[in-house]
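Visitor: Please walk me through this model, one feature at a time.

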Amino acid sequence: MFTVEGFDKDLIIKSFKTLEREMRFSRGFVSVDVVGDAVVITACARDITSLRSLINGVTKSLYLIFKAAGLGEVD
């Protein structure tokens, strides 16, 4: 379970609603919910290999969302 707070909630929800279909297969799935001001991304799987695959997919996706959102920022 991943909880994301203090970031563009709509961006994460829209991104993961699209990715939910890609991260659904016979041995596992990813779901996205909103709890208060946080986005909760849950990965469920039947075996450890499938769970690892889903966790890698979620973390890579979050990384890309965060990086893409920061492209317009000036350091």
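**Reading the features**

Guide: Start with Phe 7, placed in the loop between strand 1 (2–4) and helix 1 (9–22). Helices (H or I, at least four residues) and strands (E, at least two) are DSSP runs, numbered from the N terminus. The model is predicted: local features need pLDDT of at least 70, side-chain atom pairs count only at pLDDT 80 or more, and totals for chains, interfaces and linings use all residues. Residues are numbered from 1 along each chain as its sequence is written, and side-chain values use heavy atoms, with hydrogens and water left out.

Visitor: Is Phe 7 buried, partly exposed or exposed, and what is the relative accessibility?

Guide: Buried means under 20% relative accessible area, exposed over 50%, and partly exposed in between (1.4 Å probe, protein chains only). Phe 7 is partly exposed, at 30% relative accessibility.

Visitor: Which residues does Ser 31 touch?

Guide: A contact means heavy atoms within 4.5 Å. Leaving aside residues up to four places away in sequence, Ser 31 touches Glu 20, Val 40, Ile 41 and Thr 42. Ser 31 lies in strand 2 (residues 28–35) and is buried, with a relative accessible area of 19%. Across the chain, 57% of the contacts with a separation of 6 or more are between residues 24 or more positions apart.

Visitor: How many salt bridges are found in the whole structure?

Guide: Side chains of opposite charge can pair when their charged atoms come close. The criterion for a salt bridge is a side-chain nitrogen of Lys or Arg within 4 Å of a carboxyl oxygen of Asp or Glu. The search finds two. In one, Lys 17 pairs with Glu 20, with the closest N and O atoms 3.7 Å apart. Both residues lie in helix 1, three residues apart, about one turn of the helix. Lys 17 is partly exposed at 38% relative accessibility, whereas Glu 20 is buried at 16%.

Visitor: Which residue forms a salt bridge with Asp 47?

Guide: Arg 27 does, with the closest N and O atoms 3.4 Å apart. Asp 47 is in the loop between strand 3 (38–45) and helix 2 (48–69), and Arg 27 is in the loop between helix 1 and strand 2, so the pair ties together parts that are 20 residues apart in sequence. Asp 47 is partly exposed at 30%, as is Arg 27 at 39%.
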